[in-house]
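Dear colleague,

I am passing on a structure for you to look at, and my notes on it follow below. Please read them with the coordinates open beside you.

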Amino acid sequence: QAFVAKTYEPALAKFKEVLTLEATNAVATEKIAEINGILADQQKDKELNDRFNALVKAGDDQNTAKKYAEALAKYKEAIGLKADAAVDIKIQEVQKKLDEVAQAAELEANFAKLVSEGAAALTAKDYPTALAKYEAALALKSSDAAVTTKIADIKKLMNDQQAESQKLEKINRLIQEGIELMEGGVMDGVQLEPAKSKFNEV
């Protein structure tokens with residue numbers, strides 16, 4: 001009865017007792033061997049489950065600590081011991097987090113590269129390139145205050161540079177017009193007055 005109810009330990013004790021009364025009892029000997037086999041399998045299953053559960057817990061701990069690669073390794077090791085739908089889901093979730101971390105790292109690397117290139121162009125006074133690099137960096141991280149400030153600074157430098165360039169153009173034009181007026185004929189008072197006004201404008 002104990003054997004049918006799968007209470008193997010009490011059943012084993014009963015069969016062993018039979019052997020104390022009749023050492024050659026074939027049924028008791030067979031059942032003892034069968035129970036020992038079942039108990040050995042149960043022990044193996046328990047050890048496997050304990051190892052599986054320990055790996056899953058280790059994976060959960062690593063996941064909580066945001067150590068996603070380590071968590072993934074533990075979950076995969078656990079799933080290597082036995083199939084488990086819940087652990088399959090954990091693997092998918094951790095893989096997704098790893099992908100997100102990789103994307104964030106790639107974005108950060110691209111951002112840093114653009115900022116570095118922008119700084120180099122700014123040092124070389126290549127303002128259009130510097131502006132393009134910083135604007136591309138800002139497209140990756142729109143809330144970066146330092147890059148926003150750099151863009152404003154570069155735009156001011158470009159405006160100042162343009163104003164200075166226009167001023168120089170005007171100076172050169174006025175000087176040229178003044179020289180042309182001076183060389184345009186007899187240098188009497190009438191002819192020299194327009195030239196003089198050009199040079200005064202400079």
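Where is D144 found? Please bear in mind throughout that this is a predicted model. D144 lies in a loop, the one between α5 (127–140) and α6 (145–183). Although D144 is buried, it has no salt bridge, and the nearest side chain of opposite charge, that of K141, is 4.4 Å away; a salt bridge would need a side-chain nitrogen of Lys or Arg within 4 Å of a carboxyl oxygen. When its neighbours within four places in sequence are left aside, D144 is in contact with F111 and L138.

As for aromatic pairs, the structure holds zero.

The other residue I would point you to is N63, which has its place in helix α2 (residues 26–64). N63 counts as buried because its relative accessibility is 16%, and the cut-off for buried is under 20%. The side chain of N63 is joined to that of K97 by a polar contact of 3.3 Å. If residues up to four places away in sequence are not counted, N63 touches Y68, A71, Y75 and V94, as well as K97.

Methods:
Residues numbered from 1 in each chain as written. Predicted model: local features only at pLDDT ≥ 70, side-chain atom pairs only at ≥ 80, totals over all residues. Heavy atoms only, no water. Helix = DSSP H or I, 4+ residues; strand = E, 2+ residues; numbered from the N terminus. Buried < 20%, exposed > 50% of the residue type's maximum accessible area, 1.4 Å probe, protein only. Polar contact = N/O pair within 3.5 Å; in protein donor to acceptor, adjacent residues only side chain to side chain. Contact = heavy atoms within 4.5 Å. Phe/Tyr/Trp six-rings, centres within 6.5 Å; stacked < 30°, edge-to-face > 60°. Lys, Arg positive; Asp, Glu negative; His and termini not counted.
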